[in-house]
Amino acid sequence: MRTQVAIIGSGPSGLLLGQLLTNAGIDNVILERATKAHVLERIRAGVLEEGMCDLLDEAGAGARMRAEGLAHEGIDLAFDGRRHRIDLAGLTDGKKVMVYGQTEVTQDLMDKREQTGGVSVYEAANVAPHDFDGASPFVTFDKDGVTQRLDCDFIAGCDGYHGIARKSAPASVLKTYERVYPFGWLGIIAEVAPVNHELIYANHPRGFALCSMRSTTRSRYYVQVPLEEKIEDWPDDRFWDELRLRLPAATAERVSTGPSVEKSIAPLRSFVAEPLRFGRLFLVGDAGHIVPPTGAKGLNLAASDVRYLFDALGEFYGEGSQAGLDAYSQRALNRIWKAERFSWWMTTLMHRFPDTGAFGQKIQEAELDYLVHSRAASTSLAENYVGLPY
Ligand code: RFL
Ligand code: PHB
């Protein structure tokens with residue numbers, strides 16, 4: 001088999017890159033380890049920056065997001081028993097974020113790929129990139145017990161944090177930066193109306209809580225928990241009680257509860273790999289970097305990587321220019337480190353750490369009070385939250 005761009009991974013990065021390439025007449029094949037159903041079942045991100053929404057439109061997969069997504073113009077910060085709104089749109093010349101689940105994004109991109117005849121191989125085992133330091137790379141994989149070879153011009157490693165692409169990079173060149181946080185997020189989805197029409201990020205001495213949503217009838221809530229916590233120890237009632245304890249009383253009273261339809265614990269991590277290019281192998285999205293979810297940046301960073309790589313591949317095939325490919329790693333990393341900084345900062349500000357103590361709590365509350373009352377500080381939060389320019 002031969003293609004122009006071999007894409008490893010059928011998450012949002014791989015699907016988005018594949019669709020933009022297909023629309024531009026650049027041949028590509030996606031190799032995915034899991035089944036289609038498994039990829040679609042993963043509940044993850046919920047907040048899309050405008051840059052991501054525009055890319056979905058450009059891919060021809062934005063119609064349902066525009067029709068069903070919820071455009072939000074602000075977020076609330078809750079601390080010391082009160083809520084304060086950050087007017088995202090007012091502080092950023094009208095920029096908004098779109099609340100639309102990653103599962104829906106993935107579904108829309110998969111539908112579009114099917115309509116446009118894109119080739120995806122699911123349940124591709126033992127995927128391995130080869131010879132990407134030369135001009136003729138290829139990828140091998142096993143399908144139904146038979147080893148196959150996919151020759152290509154370029155390999156896009158869109159296979160997430162646990163994928164094979166980054167692991168295949170030469171250890172002598174790869175440098176990684178990491179911070180692991182001493183807690184996770186316990187998240188649930190319930191078929192109940194959200195407590196507020198916008199998101200609420202809550203700092204509380206018992207730990208962080210987040211009120212988010214997937215629609216006007218579907219809520220997504222999170223509470224910070226110690227990493228050792230087991231999901232079996234969190235029946236729905238305990239979750240709702242803990243959530244309410246961490247919200248201002250007037251808000252807690254209005255939380256509608258119901259049976260959870262999804263419940264899981266996610267660890268929090270900051271991680272960056274440098275560089276993001278090894279000859280003809282490129283790392284895209286979570287394969288190259290991870291942020292803690294507090295700033296809602298993970299999926300959005302995957303989108304900016306895709307933007308840079310797609311433009312570079314377009315220049316290569318259109319004009320024979322290598323310039324974009326040569327610039328990819330540095331361009332992407334410039335934006336990635338700013339989002340890493342923002343996500344780390346927001347995580348540090350909002351969570352209870354083992355050493356926070358009474359002093360740390362007071363310092364967090366003082367910073368939050370400054371943040372919501374200073375236009376300069378609110379603007380800094382807002383412009384990062386809606387997404388820095390590409
Ligand atoms: P993905 O979505 O992990 O997709 C990678 C795909 O590659 C496949 N794969 C392989 N395929 C072939 N061969 C191999 N050896 C392979 N190894 C892996 C996988 O099966 C998978 O289908 O990466 P991608 O496309 O870069 O997309 C990134 C986003 O998914 C990620 O940034 C966000 O979901 C991060 N994230 C969140 N981001 C937000 O902006 N807001 C959130 O609220 C949010 N919550 C989350 C999250 C990530 C989570 N993870 C990773 C556990 C919650 C969780 C639980
Ligand atoms: C979500 O809805 O899943 C969500 C929203 C905002 C975040 C993280 C997760 O910062």
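Reader: In which helix are glutamate 68 and arginine 64 four residues apart?
Author: Being four residues apart, they are separated by about one helical turn. A heads-up: this is a predicted model, where local features need pLDDT of at least 70, side-chain atom pairs count only at pLDDT 80 or more, and totals for chains, interfaces and linings use all residues. Helices (H or I, at least four residues) and strands (E, at least two) are DSSP runs, numbered from the N terminus. The one holding this pair is helix H4 (residues 63-68).

Reader: How many residues apart in sequence are glutamate 104 and arginine 64?
Author: Glutamate 104 meets arginine 64 in a salt bridge of 2.8 Å, N to O. Since glutamate 104 belongs to helix H6 (residues 102-115) and arginine 64 to helix H4, the pair ties together parts whose separation in sequence is 40 residues.

Reader: Which residues are linked with Arg64 in a network of salt bridges?
Author: The structure holds 25 salt bridges. The network joins Arg64 with Glu68, Glu104 and Asp108.

Reader: How many residues apart are glutamate 178 and arginine 269?
Author: Their side chains form a salt bridge of 2.4 Å, N to O. This pair links distant parts of the chain: glutamate 178 is in strand S13 and arginine 269 in strand S17 (residues 260-274), with a separation of 91 residues.

Reader: How many degrees are there between the planes of tryptophan 185 and phenylalanine 208?
Author: Phe, Tyr and Trp rings (the six-membered one for Trp) pair if their centres lie within 6.5 Å; planes under 30 degrees apart are stacked, over 60 edge-to-face, and the rest tilted. There are 17 aromatic pairs in the structure. Tryptophan 185 and phenylalanine 208 make a stacked one, 5.2 Å centre to centre, and the angle between their planes is 25 degrees.

Reader: Where in the chain are the two partners, tryptophan 185 and phenylalanine 208?
Author: Tryptophan 185 counts as buried at 3% relative accessibility, and phenylalanine 208 is buried at 0%. They are 23 residues apart: tryptophan 185 is in strand S13 (residues 175-190), while phenylalanine 208 is in the loop between strand S14 (199-202) and strand S15 (209-215).

Reader: Stacked or edge-to-face: how do phenylalanine 239 and tryptophan 240 pair?
Author: Both residues are buried. Their ring centres are 5.9 Å apart and their planes stand at 85 degrees, so the pair is edge-to-face.

Reader: How far is the charged end of arginine 238 from the centre of the ring of tryptophan 234?
Author: A charge sits over a ring if NZ of Lys or CZ of Arg is within 6 Å of the ring centre and within 35 degrees of the ring normal. Lysine 297 does this over tyrosine 385, at 5.5 Å from the ring centre. For arginine 238 over tryptophan 234, the distance is 3.7 Å.

Reader: What percentage of the accessible area of ligand 2 does the protein cover?
Author: Some bookkeeping: residues are numbered from 1 along each chain as its sequence is written, chains are lettered from A and ligands numbered from 1 in the order written, and side-chain values use heavy atoms, without hydrogens and water. An oxygen atom of ligand 2 lies 2.6 Å from a side-chain N or O atom of tyrosine 222, and a backbone N or O atom of proline 293 is 2.8 Å from a ligand oxygen. Of the 280 Å² that ligand 2 has on its own (Shrake-Rupley method, 1.4 Å probe), the protein covers 97%.

Reader: Which strand gives the most to the shell around ligand 2?
Author: S14, S15 and strand S16 (218-225) each supply at least two residues of that shell. With three residues, the top contributor is S15.

Terms used: Buried means under 20% relative accessible area, exposed over 50%, partly exposed in between (1.4 Å probe, protein chains only). A salt bridge is a side-chain nitrogen of Lys or Arg within 4 Å of a carboxyl oxygen of Asp or Glu. A polar contact is a pair of N or O atoms within 3.5 Å; within protein, one must be able to donate a hydrogen and the other to accept it, and residues adjacent in sequence count only if both atoms are side-chain atoms.
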